[in-house]
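Colleague: I'd like to learn how to read pockets, cores and strands in a model like this. Could you walk me through it?

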Amino acid sequence: MSEQKTHPTVAAVTKRITLRSAATRSAYLERIRAAASEAPARGQLGCANFAHGFAACSPGDKLGLRGSGLQGPVKPNVAIVSSYNDMLSAHQPLRTYPEQLKLAVAAAGGVAQFAGGVPAMCDGITQGRAGMELSLFSRDIVAMATAVALAHDMFDGALMLGVCDKIVPGLVIGALSFGHLPTIFVPAGPMSSGLPNKEKARVRQRFAEGKATREELLDAEAAAYHGVGTCTFYGTANTNQLVMEVLGLHLPGASFVHPDQPLRKALTDEAGRRVAATTALGDPTSLVREYTPIGEVLDEKAWVNAVVALLATGGSTNHTLHLVAMAAAAGIILTWDDFAELSTAVPLLTRMYPNGAADINHFHAAGGTAFLIGTLLDGGLLNEDVRTVAGEGLNRYRREPQLTEDGSIVWVDGPTESLDLEVLRPYDKPFAPDGGLRMLHGDLGRAVIKVSAVDPSHHVVSAVARVFDGQAEFLSAFENGELNHDLIAVLRYQGPRANGMPELHKLIPALGVLQDRGHHVALVTDGRLSGASGKIPAAIHCTPEAAAGGPIAKVRDGDVITVDAVAGTLTVDADLTTREASGSALTDAEWVGTGRELFTALRAGVGPADLGAGVFGAVAVSDAPTFAASTHDAVTFDGAGA
């Protein structure tokens, strides 16, 4: 292990976030520290309240929760919050976890109660459907459901069971409202490798061209998504898992162990034992107290580490929303400018689909998180001096778990060299000098672009605009042969306020066909793309969005737009200041069906993309960085829209 000073860019961004967030972070810490106490909060409940809280417990657990007189010491009570359902392959393994965790917590001298369930939506199922318009909002619904579960003042710690796209960020946001509680996130692991992701994408594109049948497409999809566990491509779900580990919320090496491996069960047991030990009550058999509240773990340094991990692995663009929203829940103001500056210093160290042929299992076999975190630490690209659920310092995450002969778990030093340089590389021999996640600015506002899977010949695209107000319009034009030329497809009224900011992954096969025909194409949208988006240059999350009066609403067919990922600009060869907006989002009366009418209040109150596209309210303050201009240096959002 080589000793490296923190990279100057990492240090500078960390310092700037700390200064920018001083007031909001201080207020947050004051609140959670006031909620913390050595004695459980349930001791302040009225007798009827308290009796309701343990009525269904076993006699022994009742005594442990009361813990007075001759009944022995009070025991820590751990909340289990789960997003289990058996429709999502990634969440199906969570079915047995609550009972398993209860036994593990009990073995560590505590009590665990299933505190509540939260919804778990699958973007893979809802792509291109009305249900996708609820997806991003579901993150904040998960956060609120988590808060409901923890709001009973019965708990000393928490275990969060979740994997996929919006669920993990929602669990984090909810847990941070109870930042005085030690909290460990418990993953389930990826499914085994099936049909290679690149082959799956090829069949999708052939289907878009009419060269493959629906049966052939379904066979390919079923061969790719074929069992329990997380989808194996490096999209939002697997980015979630890697980010949770770098944040120090997973046990070291827990993220990518298969659901059916004995090591997975041992890691789940260990999470139960560990959370009991990190409560304010601690392990009653130990004199050492390791109180580790989640609100103290997720400080400014931890969030910088999360962004670095995202960039170094070419992770999901959805995290430019989620990390901002999660950090805000801890009183920390993280901005897209921070992502942009860190991107100049953080190299791309992995090649996983859609940024390469490998999947998450290949990454794990090549050295996984232990090697990745170790090499980023060696390069000074991560803040080492952080708190984690495993203890002080991120160096603990250089280690990987192993089973002993008696079935217990130990951590050993992880690999110091990559076991497959086609998948995972050290910081000083990267695949590319940056992670390919860049911020754009210009006439059309601000946007995000990910170029790690885009051929360099397409990093700059200048072409006429074709404007669409929905995916169906675009796909109809493609099927009618109207798009056989260079073009910038502008998909507007797809932002948070318009319709919940759906992912537009259904467009990618058609755009891929046009690109393969030799056309220069790109996408510009105020919507999102799947974490699995690949070779098409796409300026996404465009803000201000069309429904909020953003300039994208003024673009017309025939305008020449330039998407320049090299210069970091998004421009249009037209004077938009003299134009009126055209098109419109669906009205509340029109935005109905598939439950959408229940979400109108969230649509009315959602904030802009660069503030996390959340409904809880946030404040962003720019510190006028010199590395990139901004079209709006200061934005304030108070929960009433942008």
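Colleague: Let's start with the largest pocket: how many residues line it, and which lie nearest its centre?

Modeller: Keep in mind that this is a predicted model. The general idea is that rolling a probe the size of a water molecule over the atoms shows where empty space is left. Here, 43 residues line the largest pocket, and Gly-124, Gln-127, Arg-204, Glu-221 and Lys-506 lie nearest its centre. Its volume is about 1300 Å³.

Colleague: Which element gives the most to that lining?

Modeller: That's H10, with four residues. Other elements giving two or more include helix H9 (197–208) and helix H21 (508–516). By type, the lining has 22 nonpolar, 12 polar and nine charged residues.

Colleague: And what should I look for in the largest nonpolar core?

Modeller: In soluble globular proteins, nonpolar side chains tend to be buried together. In this model the largest such core has 146 residues, with Leu-159, Trp-303 and Phe-339 among those with the most contacts inside it. Helix H14 (residues 300–313) supplies the largest share, 10 residues. A second, separate core has 28 residues, including Leu-440 and Val-467.

Colleague: What does Leu-159 touch?

Modeller: Leaving out residues up to four places away in sequence, its contacts include Val-78, Ile-80, Leu-101, Ile-184 and Val-275.

Colleague: Do the strands S11 and S15 pair parallel or antiparallel?

Modeller: Antiparallel, over five bridges, and Val-461 has Val-563 in S15 as its bridge partner. S11 also runs parallel to strand S12 (residues 487–491), joined by four bridges. There, Val-467 stands opposite Val-490.

How values were computed:
Residues are numbered from 1 along each chain as its sequence is written. This is a predicted model: local features need pLDDT of at least 70, side-chain atom pairs count only at pLDDT 80 or more; totals for chains, interfaces and linings use all residues. Side-chain values use heavy atoms; hydrogens and water are left out. A nonpolar core is a set of buried Ala, Val, Leu, Ile, Met, Phe, Trp, Tyr and Cys residues joined through side-chain atoms within 4.5 Å. Buried means under 20% relative accessible area, exposed over 50%, partly exposed in between (1.4 Å probe, protein chains only). Contact means heavy atoms within 4.5 Å. On a 1 Å grid over the protein atoms alone, a cavity is a set of points where a 1.4 Å probe fits but cannot get out, and a pocket is an open set with protein on both sides within 12 Å along at least five of seven lines; lining residues have an atom within 4 Å of a point. Grid points are joined across faces, edges and corners, and a volume is the space filled by probe spheres set on the points. Ala, Val, Leu, Ile, Met, Phe, Trp, Tyr, Cys and Pro count as nonpolar, Asp, Glu, Lys and Arg as charged, and the others, Gly among them, as polar. Two strands pair if DSSP finds at least two bridges between them.
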